[in-house]
Amino acid sequence: MTPDPITGVRLRALAIALCLVIGVLACTRAGRAPAPAGAQRIVAIGGPVTEIVFALGRGDRVIAVDASSVFPPDVTHLPQVGYQRTLSAEPILAHDPDLVIASGDAGPPSVIAQLRAAGVRVELIPTAQTVDEAARRIVAVGAALHAEEVARTLAEHVREEAQRARERCCVIAGGDTARRAPRVKAAVIYARGAGTVMLAGSDTPAAAMLELAGARNAVGSFSGYKPISAEALVAAAPDVIVVPSRGLASIGGEPGLLAVPGLADTPAGRAHRVVAIDDLLLLGFGPRLPAAIDELARRFAP
Amino acid sequence: MKPRTLLALAVVAAALLAVGRGAVAISPAEVMAALGDRLGVDLGDIAARKAAILWSIRLPRVVLAVLVGAALGASGATLQGVVRNPLADPGLIGVSGGAALGAIGWIVVGKSIATPWGVWPLPLAAFAGALATTAIALQLARVEGRTSAVTLLLGGIGLASLTGALVGILIFVADDTALRSITFWSLGSLGGATWPLVGAAAVPIGLGLALLPRLARDLDRLALGELEAWHVGVDVERVIRRATLATALAVGAAVATCGMIGFVGLIVPYLARGALGPGHRRLLPASALGGALLLVLADLIARTIAAPAELPVGILTAAVGAPILLVVVRRGRAGEVLP
């Protein structure tokens, strides 16, 4: 027997028509408006990127930021567009920006594509975890804002000051750089709530900061961030625990940190040596990098 | 008016409502103006920014919701017809998991392989995954010409767990920002909709849906039982093969573009069967339209209720669908075949 001819033909025609309409729609895409030279309405995404935009004197043009942008303190009063890794296009477009300047971590990629398809200029700035990359990032933000001159000056300043801070830290930590005392062994714990307590391995901004401040990462057996394991922590035996302060707050402050399995059995846990530093200062590699090196080295000093 | 026409009008109304709502409000008049502008007819004015939001973000998203909702609703009704059990949701019996495994497998492993086929390898990989799991699920459940609901569901749990574990391993080793969010695949989102993506979903879903009407009468006969259907001239194996192919095409494309959005294939056919009876000639189109309606509305709520953040749409469909699943089980229809 045959299928019902009427339903069959109609439905198939409907499906085919639908596909055709969609195909036509997909082909006739909106023309893009040319972007104006100097952006006037900026949405800044990513803590260090926002910080650089403000340091370059363009903060008055920033109309919205993401949740990771917390410095300078004024930005926390600006409208929010969500967290940089889980953005959605509409809340950003609602502010009618002519430039979205974002950290290379920003995403998901489909949302970046949507913003560009809606005719908004999107500049993705590569992330940084060395002094050189930090300086290059300032120059890149400057180029996106048409503020090349002031950006070059700031980048050079940060590079020089970071170098001086390194020299200072080595003097504090052990006198002459050639014959200094054994470097302090530190571990960085990155926490986002009690369920997510991570240890920073090699090839992380956290490890790079320890190095810059004259310390040694007690955790060298893996790269990136890994969920903490009590055994690995005891085996690493850090003398100091470094923890971003917002993360520390999320696990209930120092008592919560000392309750992390294994931590009490490390030299740092026994001596209660916990160094809490603002997340963005510690891990941002932004314009405050020299200050961050100084601060960390000062707290490492015995 | 026929129920099908009514449903189609409801889908259009919901779509018009959905394209207007969001972080930027766009009035129905502005929507018409933008549509007219594109077709070269002057129907009024709309700001360029609003037109850009409408064309590049809202409209592809709503169209994708219509396509994916229709795919999931019709696939659910078809699978339920094949196994004669109202619990055969593509998500519950492991088909969506297989599609996700195929799609993620391609993203992780296949990305380095250069192909001249543009966007197509991804939906193809999802289709392959969906086809394999559908075939396995149906084979597991069929014993001597009868489909055992218990075996189907328990086998589905096993398949879903297995594909979930493999997806987890792939995501763990991938270390790719595109894959960082396991929530996308497990709860689903329409947030990534762009026109090329909609195009890539439209073709397989259109093909899958176009195969279904031919099956309607045979699925009705199959409701008598496989042996009985065979006696009245139904080529049972061929019906099952075609149903498998059609649902794998539709579900594969849906999952490749939106992740696993659960329960649409369960809720919609259940309600449609209650309203229109078990005849597949009315059930299949009603399930497709109902699925589109449900997903357009669910996505509208998902993207506006927690703005500027977005709720994964799968949370909403599960919140509505899981209680209905419990009702089906409680009524005792899960353990038996459909009348």
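Two residues are taken to be in contact if their C-beta atoms, placed from the backbone, lie within 7 Å. The structure is a predicted model, in which local features need pLDDT of at least 70, side-chain atom pairs count only at pLDDT 80 or more, and totals for chains, interfaces and linings use all residues. Residues are numbered from 1 along each chain as its sequence is written, and chains are lettered from A and ligands numbered from 1 in the order in which they are written. The model scores ipTM 0.75 and pTM 0.81.

Chain A contains 13 helices and 10 strands, where helices (H or I, at least four residues) and strands (E, at least two) are DSSP runs numbered from the N terminus. Of its 302 residues, 46% count as buried, a residue being buried if 20 or more other C-beta atoms lie within 10 Å of its own, exposed if 12 or fewer, and partly exposed in between. Among contacts in chain A between residues at least 6 apart in sequence, 60% join residues at least 24 apart.

Four strands of chain A form an open sheet with parallel pairing in the order β2-β1-β3-β4, two strands being paired if DSSP finds at least two bridges between them. The edge strands, each of which pairs on one side only, are β2 (62-65) and β4 (121-125) of chain A, and the twist from one strand to the next averages 20 degrees. Within this sheet, β1(A) (residues 42-45) and β3(A) (residues 99-103) are joined in the parallel sense by 4 bridges, and Ile45(A) has Ala102(A) of β3(A) as its bridge partner. Helix α5 (residues 131-145) of chain A lies across β3 and β4 of chain A and runs at about 170 degrees to β4(A); axes are lines fitted to C-alpha atoms, for helices over the stretch in contact, and angles run from 0 to 180 degrees between N-to-C directions.

Strand β5 (residues 185-191) of chain A is mostly covered, with 6 of its 7 residues buried. β5(A) runs parallel to β7(A) (residues 216-217), to which 2 bridges join it, and Lys185(A) is the bridge partner of Arg216(A) in β7(A). A further 3 bridges join β5(A) to β9(A) (residues 240-244), also in parallel, with Val188(A) standing opposite Val242(A). With β6(A) (residues 197-200), by contrast, β5(A) pairs in the antiparallel sense over 3 bridges, and Ala191(A) has Val197(A) as its bridge partner. β5(A) and β6(A) form a hairpin with 5 residues between them, and Gly193(A) in the turn has a positive phi of about 85 degrees.

Chain B averages a pLDDT (the predictor's confidence in each residue, from 0 to 100) of 86, and 92% of the residues score at least 70. Over residues 335-339 of chain B the pLDDT is below 50, although this stretch has 10 contacts in the model beyond near neighbours in sequence. Where pLDDT is low, the predicted coordinates should not be read in detail.

In chain B, the axes of α4(B) (residues 95-109) and α11(B) (residues 236-258) come within 9 Å and cross at roughly 60 degrees. The two helices α4(B) and α11(B) are therefore oblique to each other, given that angles under 35 degrees count as roughly parallel, over 145 as roughly antiparallel, 65 to 115 as roughly perpendicular and the rest as oblique. Residues making this contact include Ala99(B) and Ala103(B) of α4(B) and Val251(B) and Val255(B) of α11(B). The axes of α4(B) and α5(B) (residues 121-141) come within 7 Å and cross at roughly 145 degrees.
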